[in-house]
Amino acid sequence: MTRYLLDTNVISAVVKPVPPASLVAWMAEQADTDLFISALTIAELWRGVLEKPAGKRRRDLERWFTGPEGPQALFAGRVLSFDETAGLIWARLMAEGTATGRPRSVLDMIIAAVAEANDCIVATDNERDFVGVKIVNPLRAARAE
């Protein structure tokens, strides 16, 4: 059994009116119990909703976010937190980036640390910012479509 921590960009792609076919296919191959999100992803998604201007699109996103198809409902019991173990891993990842002259994104490394602390592989299409982290890119084929 392989466990995956879905990066925020994967969740954002899945809820598009027409999600990438490669992502839909990859998600269909996974057991729901093997898919996780981080509390940071909940925060990033909600921030994205709140930053939308008032109007229909924002109302639709608010309904989605708080409804039965929203991330908190779909991932109930599978939202992973940034805890002490993840904090220590995050420090190592950030220090490694500094030592190699490749500073890393604070938020991306929180996702990476939460994944490592919970024995997950990060599912993301943001390969460049996750160099050296175990990832899978379920959107890779979508770029060629």
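**Helix packing and cores in a predicted model**

H3 passes H4 in a left-handed crossing. The model is predicted. Two packed helices are described by the angle between their axes and the distance between the axes. For helix H3 (residues 39-50) and helix H4 (residues 56-66), the angle is about 155° and the axes are 9 Å apart. Angles over 145 degrees count as roughly antiparallel, so H3 is roughly antiparallel to H4. On the H3 side, Ile42, Leu45, Trp46, Val49 and Leu50 make the contact. H4 answers with Arg58, Leu61, Glu62, Trp64 and Phe65.

Now take the pair H6 and H7. Their packing angle is about 125°, with the axes 8 Å apart. H6 and H7 are therefore oblique to each other. The crossing of H6 past H7 is right-handed. From H6, the residues that meet H7 are Thr85, Ala86, Ile89, Trp90, Arg92, Leu93 and Met94. Their partners in H7 are Val106, Met109, Ile110, Ala112, Ala113, Val114, Glu116 and Ala117.

Next come the cores. In soluble globular proteins, nonpolar side chains tend to be buried together. Here the largest nonpolar core has 19 residues. Leu5, Met109 and Phe130 have the most contacts inside this core. Two elements give it two or more residues: helix H6 (84-99) and helix H7 (106-117). H7 supplies the largest share, 7 residues.

Which residues is Phe130 in contact with, leaving aside its neighbours within four places in sequence? They are Asp7, Asp108, Met109, Ile111, Ala112, Val122, Thr124 and Ile135.

Past H7 comes Asn118. Asn118 sits in the loop between H7 and strand S4 (121-123). Asn118 and Leu80 are 38 residues apart in sequence, yet their C-alpha atoms are 8.0 Å apart in space. Asn118 touches Leu80, and it touches Arg3 as well, not counting residues up to four places away in sequence.

Last, turn to helix H2 (residues 21-29). Its Ser22, Leu23 and Trp26 are buried. Where do the buried residues of H2 fall, seen down the helix axis? They fall within an arc of 95°, so they line one face of the helix.

Conventions. Residues are numbered from 1 along each chain as its sequence is written. This is a predicted model: local features need pLDDT of at least 70, side-chain atom pairs count only at pLDDT 80 or more; totals for chains, interfaces and linings use all residues. Side-chain values use heavy atoms; hydrogens and water are left out. Buried means under 20% relative accessible area, exposed over 50%, partly exposed in between (1.4 Å probe, protein chains only). Helices (H or I, at least four residues) and strands (E, at least two) are DSSP runs, numbered from the N terminus. The arc is that of the directions from the helix axis to the C-beta atoms. A nonpolar core is a set of buried Ala, Val, Leu, Ile, Met, Phe, Trp, Tyr and Cys residues joined through side-chain atoms within 4.5 Å. Contact means heavy atoms within 4.5 Å. Axes are lines fitted to C-alpha atoms, for helices over the stretch in contact, and angles run from 0 to 180 degrees between N-to-C directions. Angles under 35 degrees count as roughly parallel, over 145 as roughly antiparallel, 65 to 115 as roughly perpendicular and the rest as oblique. A crossing is left-handed if the near helix is turned anticlockwise from the far one by less than a right angle, and right-handed if clockwise.
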